[in-house]
Amino acid sequence: MNEFEKQQTFAKWEALLRKPSKVTESREFPTWEVVSKRNIQFEYIPQKSSVSNVISFFRKPIGLSLVGGSALSLAAALVFVFLLNPSNSNQSEVANASVVKTSNAIVSPLKVIVSSVKGKVSVLPEGSSHPVALVKNYQLVSGDIIITDGNSQSDLDFETGSWMRITPNSEVILDRIEKTEDAQTQKFSVKKGKLFASVSKLSKDSQFIVQAGEHLTQVRGTVFSVQFDGTLEVVAVREGSVSVGDLILSSKQQTIVKLGENPVLAAPVSTREDKELKAFQTQSILARESKLYEEHARLELVRLEDGTEYRGVILGQSETHLHFQGLDGLIEIPIQKILETEKIR
């Protein structure tokens, strides 16, 4: 019997139940007026029971004795077990701690949204062999591959406040973009071409790694670029510092490494690369500010006594802190350190 036939059968049964039987229709039932005048034959009189708020351990109902005795016996048994084997409580605490630790380590996707697309850009989704056109507001996941043609590029907006630009004639794999409650893992591979990245300050256990050729570029929070043509790898830093293998690059430094060699030399960043990094940094700041303005219809500047400035949106405040949505995400600013605030837009 299919679903339609079941519904038809139920409808027939309901129709039959709504129709009185012939026996019921043939009988005459007394009206309420007649019934109300009849004498009561069986009157219900509930028995009165004495209720006492005092429980006596010497004279009480047998039911109460059983309940009380069972409760006391159970409590005594539990105490006896824990006294004989106190390690059980420790094992329970360890198990509970393990459960808490496991729940804290739950991995979920890190939100990475395509902020802009210029020219012809495609994405090869994880597990697919057919690339599709990349569009604005597309949410990327681990395993996606972004491919840009000549004269095309794409900007990626990270929920952590980081920003990335994939330049023309590039192929970049988003190996891992995921997070736990306490940390984020962001790992990318440049198969060819170039990317720029502005990375917000990372927490202790977080990672932002770019692999090009044979070497990993690891970042703590900086503005940098990575380029790879299959033979040469070029890593340049605008602000902050990155590690390329065992080599540490600071602000305004770069390194060029041939395939099969190890990075050993840090040189001043080239004039052209410095200009490109500066332009990217400025454009990423303006793009993030525009996004905040679209969401909140305002922008504010918070200036601290030590000269530090934060650009973003004031969301509210407590007695001690200002709740602020900045370019690098949500932060709390101590009110006592604030010199002034002003509206930018």
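Q: Where do I start, and how many helices and strands are in the chain?
A: Start with the overall make-up. The chain has six helices and 23 strands. Of its 345 residues, 31% are buried.

Q: What share of the contacts join residues at least 24 apart?
A: Take contacts between residues at least 6 apart in sequence. Of these, 44% join residues at least 24 apart.

Q: What is the average pLDDT of the chain?
A: The average is 81, and 74% of the residues score at least 70.

Q: Which residues have a pLDDT under 50, and how do I treat them?
A: The general idea comes first. Where pLDDT is low, predicted coordinates should not be read in detail. Here, pLDDT stays under 50 over residues 79-84, and the model gives that stretch two contacts beyond four places in sequence.

Q: How many residues are in the second core?
A: The second core is separate and has seven residues, including W163, F196, V223 and L277.

Q: Take L156. Which residues is it in contact with, leaving aside neighbours within four places in sequence?
A: L156 is in contact with V112, I113, V114, S115, L140, I146, S162, W163, M164 and I166. One of these, L140, is also among the residues with the most contacts inside the largest core.

Q: Is S122 buried or exposed?
A: Compare its relative accessibility with the cut-off: buried means under 20%. S122 has 19%, so it counts as buried. The residue lies in strand 3, residues 121-124. Beyond four places in sequence, S122 is in contact with P131, V132, A133, L134, I145, I146 and I147.

Q: Next, charges. How many salt bridges are there?
A: Side chains of opposite charge can pair when their charged atoms come close. The count here is 14 salt bridges.

Q: Which side chain meets R165 in a salt bridge, and what does the pair tie together?
A: The partner is D155, at 2.8 Å, N to O. R165 sits in strand 8 (residues 163-166) and D155 in strand 7 (residues 153-158), so the pair ties together parts 10 residues apart in sequence. Both R165 and D155 are buried.

Q: Which residue does D274 form a salt bridge with?
A: D274 pairs with R238; their closest N and O atoms are 3.1 Å apart. This pair links distant parts of the chain: D274 is in helix 6 (residues 271-296), R238 is in strand 14 (residues 232-239), and they are 36 residues apart. Both D274 and R238 are buried.

Q: Now R303 and E309. Which of the two counts as buried, and which as partly exposed?
A: Their side chains meet in a salt bridge of 2.8 Å, N to O. R303 has 18% relative accessibility and counts as buried. E309 has 42% and counts as partly exposed.

Q: Which residues do shared partners join into one network?
A: Salt bridges that share partners join K194, R272, E273 and E276.

Q: What about the surface? Which residues form a nonpolar patch there?
A: F10, W13 and L16 form it, with about 380 Å² of accessible area together. L16 lies in helix 1, residues 3-18. Its relative accessible area is 62%, so L16 is exposed.

Q: How far apart are E261 and E214 in sequence and in space?
A: They are 47 residues apart in sequence and 8.7 Å apart in space, C-alpha to C-alpha. Leaving aside neighbours within four places in sequence, E261 is in contact with E214 and H215.

Terms used: Residues numbered from 1 in each chain as written. Predicted model: local features only at pLDDT ≥ 70, side-chain atom pairs only at ≥ 80, totals over all residues. Heavy atoms only, no water. Salt bridge = Lys/Arg side-chain N within 4 Å of Asp/Glu carboxyl O. Helix = DSSP H or I, 4+ residues; strand = E, 2+ residues; numbered from the N terminus. Buried < 20%, exposed > 50% of the residue type's maximum accessible area, 1.4 Å probe, protein only. Patch = residues over 30% accessible without salt bridge, like charges linked within 9 Å, V, L, I, M, F, W, Y side chains within 5 Å. Areas by Shrake-Rupley, 256 points an atom, 1.4 Å probe, with all protein chains shown as cover. Contact = heavy atoms within 4.5 Å. pLDDT = per-residue confidence, 0-100. Core = buried A, V, L, I, M, F, W, Y, C linked by side-chain atoms within 4.5 Å.
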